[in-house]
Every structure is written in C-alpha cells, then in structure tokens.
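Please look at the structure shown here with its helix packing in mind. The report that follows is meant to be read beside the coordinates.

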Amino acid sequence: GMGVVLAPALGPSLGGLLLTTTIMSLGFFYVANSYTISHWLRADMMEPERCRAWQEHIGATLLAFLRP
C-alpha cells in the first residue's frame with residue numbers, strides 16, 4: 001500500500017496525523033465527488049483503473065511534498 005511506499009520518506013518532524021489526514025482528504029474528495037466529476041467529464045471515475053491512477057497520484061503528490 002501507499003504507507004509502505006511513503007515510510008522511507010517520513011522524517012521525525014512530520015506528524016502521522018498530518019500525513020494521515022492528507023491521504024484521507026484526497027481519497028474522500030475523489031469518492032465523495034465521483035458522481036459529479038463523472039458527469040462533468042463524461043467518464044466513470046470509479047472504474048478500477050481510474051481509482052488506481054488516483055491512488056498513484058496521491059502517493060506521488062505526498063512524495064513530492066515530502067521531498068527535501
């Protein structure tokens with residue numbers, strides 16, 4: 001999972017709550033707004049491939065944020 005990928009990048013100054021809240025927020029936004037986004041883009045945002053792509057994007061975003 002994403003936690004395994006991010007674990008090496010975590011420093012002692014980054015609180016687990018902040019990281020967890022960020023991951024949850026990005027995931028919740030996608031799921032909570034999937035119907036609206038699907039209608040707007042005329043694409044099923046809950047297709048497994050699109051969900052995996054969003055998970056990868058969350059991981060890449062967090063790694064970019066954590067990178068010194």
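## Basis of the model

This is a predicted model, in which local features need pLDDT of at least 70 and side-chain atom pairs count only at pLDDT 80 or more, while totals for chains, interfaces and linings use all residues. Residues are numbered from 1 along each chain as its sequence is written, and side-chain values use heavy atoms, with hydrogens and water left out.

## Helix 2 against helix 4

The axes (lines fitted to C-alpha atoms over the stretch in contact, with angles from 0 to 180 degrees between N-to-C directions) of helix 2, residues 16–32, and helix 4, residues 48–66, come within 11 Å and cross at roughly 150°. Helices here are DSSP runs of H or I with at least four residues, numbered from the N terminus. The two helices are therefore roughly antiparallel to each other, a term for angles over 145 degrees.

On the helix 2 side, the contact (heavy atoms within 4.5 Å) is made by Leu19, Thr22, Ile23, Leu26, Gly27 and Tyr30, and on the helix 4 side by Arg50, Cys51, Trp54, Ile58 and Leu62.

## Trp54

Trp54 lies in helix 4 and, at 23% relative accessibility, counts as partly exposed, the class between buried (under 20% relative accessible area) and exposed (over 50%), with a 1.4 Å probe and protein chains only. Leaving aside neighbours within four places in sequence, Trp54 is in contact with Leu26, Gly27 and Tyr30. The C-alpha atoms of Trp54 and Tyr30 are separated by 8.0 Å, although the two residues are 24 residues apart along the chain.

## Ser38

Ser38 is placed in helix 3, residues 34–41, and is buried, with a relative accessible area of 15%. Not counting residues up to four places away in sequence, Ser38 touches Ala43, Asp44 and Met45.

Terms used:
Angles under 35 degrees count as roughly parallel, over 145 as roughly antiparallel, 65 to 115 as roughly perpendicular and the rest as oblique.
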